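Have the viewer open as you read.

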Amino acid sequence: MRRISKKVRITTLISLMLVLGGISLFLFMVKQNEKAMLNQEKERAAVVLADNETRVLFFYKDTCADCQKVYPTVYEEDQGENNIVFINLNQPKNRHYIKTYTLEKVPTFVTPKRRYVGTDTRKIQQLIAENNDERSED
């Protein structure tokens, strides 16, 4: 039976500790991101839009199962970009947008050129990407 040197055992132990530390940090960051996303989702602040708004308007209700389904995708698409306006229609002061934008269902995504109602995350990501491209051309 071969003996493992003390130096190899220490190196292995340090490597294992670094890997576990990295995993712990990753899980902590994921949990923090989830908390931030949930706080944003439940945000019921009144939103005031510019007359010439060029960002994607994301109309949702925090109590809507379909909205909750797509919310993580939309949140991730917006990380740090501020290209999406989150409008929670459970906020009474935001409800006038239902008439202004002729909203019939949530989730609804509106850009200056397009509209999408639904939960297909590929279509949502495509709409956001197209709108970001158009905004960068201006």
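## Two helices side by side

In this predicted model, the axes of α2 and α4 come within 10 Å and cross at roughly 25 degrees. Roughly parallel covers angles under 35 degrees, so α2 counts as roughly parallel to α4. As for handedness, the crossing of α2 and α4 is right-handed.

Who makes the contact? On the α2 side it's V70, T73, V74 and E77, and on the α4 side T121, I124, Q125 and I128.

Next up is an open sheet of 4 strands, ordered β2-β1-β3-β4, with mixed pairing. The edge positions go to β2 (84–88) and β4 (115–117); each has a single partner strand, so one side of each is left without a neighbour in the sheet. On average, neighbouring strands are turned by 15 degrees against each other, if you ignore direction.

For a look at one pairing, take strand β1 (residues 56–60) and strand β3 (residues 108–110), which pair in the antiparallel sense over 3 bridges. Within that pairing, F59 stands opposite T108 in β3.

## How the helices lie on the strands

Helix α2 (residues 65–78) lies across β1, β2 and β3, and runs at about 150 degrees to β2. Helix α4 (residues 121–137) lies across β1, β2, β3 and β4, and its run is at about 160 degrees to β4.

## An aromatic link

How many aromatic pairs does a search of the whole structure find? The count comes to 11. One of them is F59 with Y97, a tilted pair at 6.2 Å centre to centre and 50 degrees between the planes. F59 lies in strand β1 and Y97 in helix α3 (residues 96–100), so this pair ties together parts that are 38 residues apart in sequence. This is the F59 that stands opposite T108 in β3.

## Backbone details in the loops

Two loops are worth a look if you care about torsions. In the loop between α3 and β3 you'll find P107, and the peptide bond joining V106 and P107 is cis, with omega about 0 degrees.

The other loop is the one between α2 and β2, where N82 is found. Phi of N82 is near 55 degrees, a positive value in a residue other than glycine.

Definitions and conventions:
Residues numbered from 1 in each chain as written. Predicted model: local features only at pLDDT ≥ 70, side-chain atom pairs only at ≥ 80, totals over all residues. Heavy atoms only, no water. Pairing = 2+ DSSP bridges. Axes fitted to C-alpha atoms, helices over the stretch in contact; angles between N-to-C directions. Contact = heavy atoms within 4.5 Å. Parallel < 35°, antiparallel > 145°, perpendicular 65-115°, else oblique. Left-handed = near helix turned anticlockwise from the far one by under 90°. Phe/Tyr/Trp six-rings, centres within 6.5 Å; stacked < 30°, edge-to-face > 60°.
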